[in-house]
Amino acid sequence: MTTIRREVLTLPAASLGPDNPLPPLRPLDEAHRIDDRDRAGLPRDMARQVDHEPLRSLLPVMVRDGYDRTRRARELDALVIENDRLRATVLPALGGRIASLRHKPSDRELLYVNPVLQPANFALNGAWFSGGIEWNIGATGHTTLSCSPVHAARVPAPDGGEMLRLWEWERLRDLPFQVDLWLPEGSDFLYVGVRVRNPHERPVPTYWWSNIAVPEERRVLAPADEAYHFGYERRLRRVPVPEYDGIDRTYPLNSTYAADYFYDVPDGRRRWIAALDEHGHGLAQTSTDVLRGRKLFVWGTGPGGRRWQEWLTEPGTGGYCEIQAGLARTQLEHVGLDPESEVSWLEAYGPLEARPDGDWHTVLRGAEERLEEALPRADVDAAYEAWRAHADTEPGERLADGSGWGALEVLRADLKLPGTPFDASTLGEEQEPWLHLLRTGTLPEGGPHEPPGPTLVARPWRDMLETTAATPLAEYHLGIAQWHAGDRAQAVRSWERGLVGAAERWPLLRCLAAADQAGGHPERAAEQYAEAFDDLCAHRPGADDAADETDAADEAGGDDRWTAVAAALGREAIGALLAAGRTADARAVWERLDPATRDRGRFRLAEGELLAAEGRPEEARALFDGGFEVADLREGDESIGALWARLGDEPLPARHDFRMRPDGD
């Protein structure tokens with residue numbers, strides 16, 4: 001019989017650290033944008049969905065950049081769902097990711113299992129880690145829930161056994177979703193029922209891609225003769241499958257550079273994708289037809305791709321590629337979800353044995369026949385119908401708690417969401433001021449010397465902020481909500497009003513500085529940042545001597561919120577001051593950061609840029625010789641290489657080579 005049990009995994013893991021306390025006001029740093037030259041000629045529905053409300057801002061989500069690269073043995077809570085054929089290990093505190101899927105009769109692991117937990121800057125909001133099966137909802141990219149907890153509970157399964165239900169409130173689009181995992185008795189396939197609901201009275205863009213990491217020494221099969229190729233040069237091209245430029249790209253190690261291949265599966269064809277080793281053993285994923293897209297992502301064999309593979313795990317542990325399944329042809333699209341509607345489907349994951357090598361159509365035909373023998377397409381459709389009858393079943397024993405944001409939205413809108421209860425018991429410290437605003441119409445002032453918490457930006461919350469008492473804190477939050485809505489002039493006016501009478505001015509000054517940057521006023525932005533950092537240093541608890549922030553942190557009880565604030569604001573201020581040519585002022589900010597912050601790789605890179613601006617290239621070069629690691633280096637970020645190029649003509653050292661595209665593109 002299927003069982004669900006708790007388990008503890010112990011593995012080398014880096015600390016996630018605190019979130020960045022500054023609201024993300026800058027435009028989204030999104031690498032997956034299509035060059036305008038490639039829009040012409042796209043299928044009509046694809047072109048429409050590419051332009052359908054792409055994400056412009058991370059708000060209300062905060063950036064997660066407080067992690068490091070120091071790994072030590074840590075315990076992770078896991079939930080294991082198991083029958084006599086398969087064992088799936090789920091991490092509820094890390095987005096509900098399936099960390100392992102093991103086929104018991106053959107004793108084979110079907111996924112790429114990362115031997116470490118190393119966050120890196122790949123999620124939309126920062127922290128992400130590689131391996132397993134992740135559930136990407138929200139917008140193009142890895143979900144903001146990658147390193148966040150989700151709710152989990154036992155639920156009766158369609159066959160009378162148990163299901164593991166995962167659910168959360170996705171905050172970028174304000175959509176609740178659920179993922180139901182169950183193993184029918186004797187089944188070699190894990191069934192996954194997914195539902196995304198739009199409880200609002202307005203249409204909402206939605207996005208979903210199930211992302212499966214598998215070892216890269218595989219051939220990837222999908223029922224398609226063409227694919228849309230997208231690389232980090234941001235060009236979208238229709239290419240033949242399996243060979244492109246004379247190379248069979250269905251073998252991940254045949255590609256030099258990182259790239260996406262979105263397979264164009266014909267209408268009416270069964271939706272599936274598989275990754276098989278040289279002996280024909282591997283994983284197959286299939287689904288009902290709603291989940292139409294299939295994709296292969298490869299890191300490539302170039303130095304940048306190899307470096308990223310090492311960065312995300314440990315050297316010598318083997319590389320991986322990703323096979324994926326999504327709601328649209330490509331990940332560059334968002335699908336409209338009508339008011340008060342939902343979209344749902346069923347996926348299945350299990351072992352497949354088939355011949356991987358040879359003529360493409362012969363190989364596909366053989367793999368499809370073996371898949372049909374192992375799991376008939378009709379059985380997947382029948383399992384979906386059986387699951388839908390249980391999708392509203394209320395959960396039983398709670399196994400893990402997610403965030404309190406869903407509970408707050410349910411209270412605000414009096415929502416009824418059968419099967420996915422967002423209980424008031426999950427409301428926490430972050431939701432407390434917003435719950436007070438909801439119930440009383442007033443936003444409570446924070447404690448003395450307390451950084452502002454996260455902001456809610458959806459229209460109903462913005463309306464409440466517009467009618468509450470115009471305190472500095474309320475004006476701060478209102479301005480952020482207005483900025484998110486695109487009303488930048490009104491946002492600036494709100495922040496300027498908030499400065500009148502504000503005891504601590506730095507949160508508002510920082511917002512105004514970001515607005516000046518966006519408006520093309522670098523000198524004014526630099527001045528606002530300098531003033532904001534001065535004010536922060538003056539008000540940080542215990543900071544009578546603003547030049548010694550280490551003592552300040554100690555006197556404040558080592559409150560990492562203030563350390564995070566100083567680091568985040570200092571980093572932005574240094575960049576703005578350097579951009580405005582105010583090198584001496586940038587140096588002054590640098591000197592006032594505490595030593596532990598200055599030792600972080602991100603700030604070592606900033607020091608190198610500062611030294612280069614000061615005309616001290618030899619000292620900047622010495623930083624490279626001494627070695628540093630920028631833990632939160634962004635996917636596609638080439639700032640390290642750009643600084644190195646300013647310092648000389650030597651090739652970029654391999655440890656700093658994260659380039660994901662051909663030179664010159």
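Below are my entries, starting with how the values were made.

I'm working on a predicted model, where local features need pLDDT of at least 70, side-chain atom pairs count only at pLDDT 80 or more, and totals for chains, interfaces and linings use all residues. Residues are numbered from 1 along each chain as its sequence is written, and side-chain values use heavy atoms, with hydrogens and water left out.

**Trp167.** I found Trp167 in strand β10 (residues 162-170); strands are DSSP runs of E, at least two residues, numbered from the N terminus. Trp167 is buried at a relative accessible area of 0% (buried means under 20%, with a 1.4 Å probe and protein chains only). I listed its contacts (heavy atoms within 4.5 Å), skipping residues up to four places away in sequence: among them are Val150, His151, Phe177, Pro395, Arg398 and Phe422. Pro421 is also on that list, and its backbone oxygen lies 3.0 Å from a polar atom of the Trp167 side chain.

**Strand β22.** Next I went to β22 (residues 281-287), where seven of seven residues are buried. Which strands does β22 pair with? Strand β21 (residues 272-276) pairs with β22 antiparallel over five bridges (pairing takes at least two DSSP bridges), and Ala274 has Ala284 as its bridge partner. Their hairpin has four residues between the strands, and Gly280 there has a positive phi near 90 degrees. Strand β26 (residues 341-353) is joined to β22 by seven bridges, also antiparallel, and I noted His281 opposite Glu353.

Notes: Buried < 20%, exposed > 50% of the residue type's maximum accessible area, 1.4 Å probe, protein only. Polar contact = N/O pair within 3.5 Å; in protein donor to acceptor, adjacent residues only side chain to side chain.
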